[in-house]
Amino acid sequence: MKHYDIVIIGGGPAGLAAAVSAHEAGAKDILILERDERLGGILNQCIHNGFGLHTFKEELTGPEYAERYIKKVLEYGIPYKLKSIVADISDKREILYISAEEGAVTIEAGAIVLAMGCRERPRGALGIPGYRPAGIFTAGTAQRLMNIEGYLVGKKVFILGSGDIGLIMARRMTLEGAEVKCVAELMPYSGGLNRNIVQCLNDFNIPLKLSHTVTKIHGKERVTGITISKVDENRRPIPGTEEYYDCDTLLLSCGLLPENELSKSAGVALDRVTGGPVVDDKLQTSVPGIFACGNVLHVHDLVDYVSEEAERAGYQAYRYAAGETANGGETVKLTVGHGVRYTVPQSIDAGTMADSVIVRFRVADVYRDRSIAVYYDGKLIKRTKKRIMAPGEMEQISVRKDSFAEKTPDTITVCVED
Amino acid sequence: MKKYELTCIQCPIGCALTVTVDGDNVTVDGNTCPRGRVYGINEVTHPSRTVTSTVYIEGGALPRLSVKTKTDIPKDKIFDVMAEIKKKKTKAPVNSGDVIIENVCGTGVDVIATKTVKEK
């Protein structure tokens with residue numbers, strides 16, 4: 001069985017940044033496995049701009065952002081295999097991948113970085129009644145068909161869900177001559193970034209209907225229209241509020257799900273809220289030597305944060321493969337209190353932690369003029385005032401090693417307070 | 001005198017701005033920081049956007065080449081620029097950053113490739 005020091009599953013933004021950072025740390029024997037025909041992942045179809053403001057201090061399109069990392073991978077001569085899909089990972093870090101050229105191959109890794117990304121919540125998971133006519137797409141599928149293959153998927157479009165991909169596609173299809181009728185959002189607030197609502201909807205006078213959902217899809221062969229209804233505070237449709245829209249296409253932008261089938265096969269423990277692996281401050285999963293980063297770990301809104309997180313995962317994978325990591329033994333658990341849905345990481349090893357550890361999280365609702373509070377074993381340590389927090393915008397705090405000087409806590413709690 | 005209601009996009013707060021134009025005099029209300037004021041003034045005096053799209057590419061490893069206006073163009077030229085981009089056909093190979101349309105619609109801005117597409 002062929003051995004690699006580090007194998008990275010996925011050649012998108014997370015996998016590329018992990019590979020680059022592992023190489024720069026000193027790793028010589030890396031392999032990236034990518035199932036698509038090219039490196040870059042989802043960035044290849046995200047042709048709009050707005051990427052890289054944090055990482056490169058300039059506004060790039062998705063393909064340009066990807067190319068910065070791909071260039072480094074090529075320059076460093078990091079090996080990668082395209083059209084190679086991983087079918088199984090064992091808890092002993094054996095990886096089975098399949099490609100047309102090589103057939104089924106099993107390799108062994110000193111460390112693994114999981115960077116498989118996420119996928120979109122499909123219609124089947126939404127429970128919308130009606131037939132199954134042509135013309136229903138997830139927003140990302142429509143984006144791929146349009147920006148990579150060059151097909152306009154419809155002429156009269158309705159969009160369910162105000163996630164960023166849906167908003168971006170509302171603008172994109174408008175620019176290509178389609179008529180985007182409306183965007184409906186189940187929640188009373190948008191799931192997308194503010195700038196996308198302004199530049200993708202307001203710029204083109206596309207209405208956004210909050211607290212609305214699609215309650216019927218009309219048409220047998222092809223979508224002919226949809227019915228939407230207003231929903232109550234329990235997100236139940238209110239009878240009598242139905243409105244009909246004439247359209248030939250329904251795009252769904254209703255959330256992203258980390259793609260963790262392989263993590264499960266390796267025995268990696270998953271977090272029920274994020275849908276991604278439970279990790280420590282090294283981004284190491286419950287299986288030693290298996291690390292995770294990017295959207296497979298938790299869904300991000302900015303690729304810049306994916307790259308930064310993946311760089312840490314790549315570096316830690318290098319250290320593990322080189323035998324440089326030891327267990328410090330003092331585990332601090334991170335828990336959530338009121339208003340916080342999850343944290344990543346879920347624990348910190350106080351013995352081996354860096355001087356400062358970034359903890360990312362999402363809040364459960366839109367909060368104005370509240371504070372983020374951090375408690376060590378029930379004792380208030382830090383309060384930070386925030387003008388606004390929203391579920392669509394990831395928040396972060398840093399936990400400093402020297403804050404454990406007096407006593408290492410058993411538990412750190414992050415919550416939202418008045 | 002004309003009034004505009006805008007949402008500031010400089011940060012996640014998204015302040016509701018009221019921009020009043022009275023001749024050469026532009027005032028911004030509702031902003032909570034200086035960046036909001038600048039945004040409000042620019043949005044009503046010379047709003048601009050970067051346009052991104054794709055063009056047909058012959059003999060390429062991909063059927064479409066992604067492109068963008070190298071810098072922002074006036075917002076009211078978006079659809080004119082799109083019409084030019086739709087007409088354009090190009091040939092592989094193309095490198096990211098190559099100029100695809102010079103001085104599009106007289107804006108003084110080039111449309112450039114954002115992807116490297118090799119020959120098939």
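Helix axes here are lines fitted to C-alpha atoms over the stretch in contact, and angles between them run from 0 to 180 degrees between N-to-C directions. Keep that in mind as you work through this predicted model.

**Exercise 1. Describe how helices H1 and H7 of chain A pack.**

Step 1: Find the helices. H1(A) covers residues 13-25, and H7(A) covers residues 303-321.

Step 2: Look at the geometry. Their axes are 7 Å apart and meet at an angle of about 40 degrees.

Step 3: Classify the angle. Angles under 35 degrees count as roughly parallel and 65 to 115 as roughly perpendicular; H1(A) and H7(A) are therefore oblique to each other.

Step 4: The crossing of H1(A) past H7(A) is right-handed.

Step 5: Pick out the residues in contact. Among them are Ala14(A), Ala18(A) and Ala22(A) from H1(A), with Val306(A), Ala310(A) and Tyr318(A) from H7(A).

**Exercise 2. Work out how strands S24 and S25 of chain A are joined.**

Step 1: Check the pairing. S24(A), residues 367-376, runs antiparallel to S25(A), residues 379-389, with nine bridges between the two.

Step 2: Go to the turn. The strands form a hairpin with two residues between them, and Asp377(A) in the turn has a positive phi of about 45 degrees.

Step 3: Find a facing pair. Tyr376(A) is opposite Lys379(A) of S25(A).

**Exercise 3. Characterise the side of chain B that touches chain A.**

Step 1: Count. Here 20 residues of chain B contact 20 residues of chain A.

Step 2: Locate strands. In chain B, S5 (52-58) and S6 (64-69) each supply at least two residues of this side.

Step 3: Sort chain B's side. Its residues are six nonpolar, ten polar and four charged.

How values were computed. Residues are numbered from 1 along each chain as its sequence is written. Chains are lettered from A and ligands numbered from 1 in the order in which they are written. This is a predicted model: local features need pLDDT of at least 70, side-chain atom pairs count only at pLDDT 80 or more; totals for chains, interfaces and linings use all residues. Two strands pair if DSSP finds at least two bridges between them. Helices (H or I, at least four residues) and strands (E, at least two) are DSSP runs, numbered from the N terminus. Angles under 35 degrees count as roughly parallel, over 145 as roughly antiparallel, 65 to 115 as roughly perpendicular and the rest as oblique. A crossing is left-handed if the near helix is turned anticlockwise from the far one by less than a right angle, and right-handed if clockwise. Two residues are in contact if their C-beta atoms, placed from the backbone, lie within 7 Å. Ala, Val, Leu, Ile, Met, Phe, Trp, Tyr, Cys and Pro count as nonpolar, Asp, Glu, Lys and Arg as charged, and the others, Gly among them, as polar.
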